[in-house]
Amino acid sequence: MFWLNKAHASTFMPPQGTEIATQYDSLYEFIVIASLISCVLVIGGLAMFVLKYKRKSETDKTAYITHDTRLEFAWSFIPFVIFLVVFGWGTYIYVQMRKAPDNAFEVHTFGQKWNWDFVYKSGKKSSGLMVVPVNTPIKLIISSRDVLHSFYVPAFRIKQDAVPGRYTKLWFEANKVGDYQVFCTEYCGKDHSNMLAKIKVVTNEEFEEWLQNNPYKGLAATEIGAQVYAAKCVACHQKSAEQASSIAPSFLNLFGKTRQFADGSSTTADENYIRESILNPNAKVAKRISGEAFSPIMPAFAGQLSDEELMGIIEFLKTLKE
Amino acid sequence: MEHDSHHIIPFKTYLNILLGLLFLTVLTVLVAKPVSGFDAGVLNAFIAMLIASVKAGLVAAYFMHLKYDNKLHLALFLISIFFLVVLFAFSWFDIITRIQQLSTL
Amino acid sequence: MSSGNEIIVGGHKVAHHFESAEQEFQASKLGIWLFLCTEILMFGGLFVGYVVFHNIYPEMFAEGAKHLDWKLGSLNTVVLLVSSFTMVLSIYYAQTNQSKKTSNMLLITFLCGLIFMVIKAFEYNHKIHMGLLPGELFTYENAQTANLAMYFSFYFLMTGLHGSHVLIGMGLIFWLWLRSRKNEFNKDYYTPLEIVGLFWHLVDVIWIYLFPLLYLVG
Amino acid sequence: MSASHAEGKNYLNWEKGLWSWLTTFDHKRIGILYMITVMVFFAVGGTFAMLIRTELFSAGPNIMDANQYNQSMTFHGAIMVFMVIIPGIPAFLGNFFLPMHLGAKDVAFPRINLISWYCLIVGAAITLVSLIYNGADTGWTFYTPYSIETDNGTSWVVFGAFVMGFSSILTGLNFIVTTHKLRAPGMTFFNMPLFVWALYSTAVLQVLATPVLGITLLLLLAERTMGVGIFDPALGGDPVLFQHFFWFYSHPAVYIMILPAMGVVSELITAFSRKVIFGYKAIAFSSVGIAVVSFFVWGHHMFTSGQSEAAGILFSFITMLVGVPTAIKTFNWVATLYKGSIRFDSPLLFALGFLFLFTIGGVTGIMLATIGLNIHFHDTYFVVAHFHYVMVGGTLMAIMGGIYYWLPKMFGRMYNEFWARITFVLIFIGFNVTFFPQFILGAMGMPRRYFDYLPAFESLNKISTFGAWTIGVGFVIALFVIVIAIFKGEKASDNPWGAKTLEWTTASPPPHENFLETPVVTGGPYEFR
């Protein structure tokens, strides 16, 4: 069976990033083989009967077989036993998938249209990239800031919905250094398919270094702003001229301009306005060029951005002029 | 069968059932906490639902003729209530067995 | 259809695809019972939601119940019970061929439904005045518990759906009253009375549960 | 009897004019109305499917933007589920043949039968109104809180689905009463054809499950208009509770879609092998068993939703139990072929196609029911492939087989056998080419409802799109075969297949009241001796 193991692992399933993924694949192979055998039995039997008992003449007599209790019992009971085995095995794997070791390293994970934010206990924040140490159990404490999302790592064979208003959990222990793809698998709107992230599994030393490291060290405010923009804003706010179909105002020529709001008031887009619009976006909802108001769908960023990052965005906005 | 479905319940039975229903209404109001201050603790809801079920049973059995009717109708009535209980039981089972996870930030 | 074998029982022409009046009567009753099943499950969804959230937020529901007037609720319970009684009497009088009384009982049933709705309207008016409204429309300011708006979401959804059934029932009973004045019902044919009656009793049964849940237990 | 049964008069020419069709109470004519409606909706839903597959031909935007894709995906799902597959077999083939199978003149409540058709039409019209308000982009599952806050015509789709629910309920109600009260003399429950058993089980599901969908959709409407907060976490509600409510209906709905197809297959296999069905009671009771157990398994759609672990394991266990009656049915059909006299007309080809696809759909269903495996497969293309194998491979195959099988009875005309086989080959091969690669895509980890995907998924997606185009061509040809047969086909005899169920004992097309004289039944439905 070894060759089959190899073939499956390398062709159909993603690489195995954890011990559980290996276990998972064994059960998967067992079911695939059992399924193949039953398909061969059913479809083979079907093909054989169909060819062998082809109608020869219009007056053919057919056998009058109404039932066979022993046969019927057999083909009810045997599948039932197989299903029970599969259920037991699957549950065993599931329980391990769910039960995080007590000493697991915790990473808070937030889904938000349309990116993943990761917050470490040390206060370190990261967007779209989770860095974790190898051979260490990692526990994710997951929530959502707007609608349902789902955190899915194919290589670890794990998945968990991010539910607004509560915390769900997930854990894994990566046993190989490398980059692993993260998808969002709960439909969440326009850029659902772009709500991707990476898990970077590194050695313990590299991880410690990353945790200490200030990513903005030595960068100018506008450069910090550009990074924050790329991570958090770009999904909705464009840098180009506003399209009629846009769901949010464009950032082009925004700073210093007079803004018209849904309630009829207006103000100049200065530092204070921008700060408020980020931290409490629904306080003033802007209108489109056509005069129709935008939908108040932007989540509040209060508590997510440091002062350094806020300053950065404001400086970055000042540069977006045409 | 034909006899059953066209069974005529006497006027007096109907009247007794109405009086019984009114009595139970008074009773349920009297034992309810917001009205009388009588507090049976966790049993408050249970008592109220028990009385309501007795009332509903009387209406179903006599006013809706289930007692004398085709048993299929009674079965349908019970089946629909059963599936309602299923909807509640499984949803509630999920909610009470959730392991609460709190933020550790 | 010009079929030669029409069956007429009690002044009513049996539909062409039935063999006998009894078959038609039984089919109609089974049909209405199945319909009542769908009603039970539809209201049941709301009841399940109510019980789930009641168990999660007991204090909030208790506070909500305090804002309801149990006296009006009790009065409405009595009104509906009496209307069920008169509804069943109208069938009783049809079964015993007393058509004048049948028609009077239907009228009383209709009027009970009307009284129920008028009382309900007073209650609604009071709630709207206080700002005790569902969800985002909630404007009441002295709430002691969080999410009190949800209690009133349930209150308005459940009584609203129930009230719309009362209105439909009243319409049907009014139609029966018009027909009964033309002496259409008798001991051999009272299928519409039976069917509408069953619907009306179900509306009553639902109220029997709504009353303690909303007004008393909270 | 009377003038209406004179020679040459049948239900088609009994009355004339469009108005006589729109106001008809004849179950056969209502069946034909459903046939036309379902075909139109299928064309619309199929067009959306072609748009989706064409967009996914290669990575990156091809023919539409993300919003348009999400709307296509929503309309494809909602139309196919609510307007095609759910009414597909019961309301079209069932309406036409359930009374005939029972030896009845009509369904119990002909007027309600017509109202149910109008509910479908009105519901569909309301759904289309959403297009004026910028469409809908929630997917057919309407998960909260996204469906509460998305700013477009979602409310109209929700309300349309609510109205269409009534159509389903009324059809189911009619079938149950007809089966109980209008059987011909001698037609005991165990003399009923298995198609009737399947429709009866379906009807029970329609009556008991659909009301819960109704109240769920009403609550969602209330959320969107008043923000009642029951499913909205911001107001203390629970979005996972919405999923419980939704799947309490929508899992049984999966069986509303597949059970009637199983009934059709039982008819086709016996008729074309000229053999008594193997294990009549086992098949009949497994229909009822599937219907009942299907109410206890809905949580297997929610293994990763934030549902508790204990509930997930419980639901996984009960789901395994549904596998047993399904397996029994499959084995019994295969056993029926043993020592038969098998003729390869296209209805049988579709039935065999059903068995092939349904077996694959079934075994992958077991993989998905296994809670450990489900975690990886959930909401990926594996699930998409699985339910298309069951619902398209199952239900659509059965509808096509059923249409060809009963076409001579419905219209008194034969279809072109050669072209019908061509449609089978195109649909069958196209189907496997479309959906088998999706199993692999899912195993590789491609999530569903994705407008764009990673380059690694591209080659399999290309194959899948080619397959979809093949299916499209197959169905276009099938449409021509059917329409040409109805208007230009050769005259068919009353019983061209030599089948034994009651509908073949009357004229083709049948007279207004189905049978000139009420049939008297003396034995089982498949007495090929």
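Some ground rules. Residues count from 1 along each chain as its sequence is written, and chains are lettered from A, with ligands numbered from 1, in the order in which they are written. Because the model is predicted, local features need pLDDT of at least 70 and side-chain atom pairs count only at pLDDT 80 or more, while totals for chains, interfaces and linings use all residues.

Let's start with the chains. Contact here means that two residues have C-beta atoms, placed from the backbone, within 7 Å. Which chains share the most contacts, of the five pairs in contact? Chains A and D do. Chain D puts in 72 residues, and chain A puts in 68 residues.

Stay on the chain D side. The elements here are DSSP runs, numbered from the N terminus: helices are H or I with at least four residues, strands are E with at least two. Those giving two or more residues to the side that touches chain A include α3 (66-102), α8 (239-273) and α14 (417-444) of chain D. α10(D) gives the most, with 13 residues. By type, this side of chain D divides into 40 nonpolar, 21 polar and 11 charged residues. Nonpolar means Ala, Val, Leu, Ile, Met, Phe, Trp, Tyr, Cys and Pro; charged means Asp, Glu, Lys and Arg; the others, Gly among them, are polar.

Now chains A and C. No contact joins them. Their closest C-alpha atoms lie 14 Å apart.

Next, cis peptide bonds. One joins A:Lys113 and A:Trp114, with omega about -10°. A:Trp114 sits in the loop between β1 (105-112) and β2 (115-120) of chain A. Another runs from D:Thr144 to D:Pro145, with omega near -5°. D:Pro145 is in the loop between α4 (110-129) and α5 (146-149) of chain D.

A:Arg157 has phi near 60°. Its place is the loop between β6 (149-153) and β7 (158-162) of chain A. C:Asn183 also has a positive phi, about 60°, and is not a glycine. That residue lies in the loop between α5 (148-181) and α6 (191-217) of chain C.

Are these two buried or exposed? The cut-offs: 20 or more other C-beta atoms within 10 Å is buried, 12 or fewer is exposed, and in between is partly exposed, with C-beta atoms placed from the backbone. A:Arg157 has 28, so it is buried. C:Asn183 has 12, so it counts as exposed.
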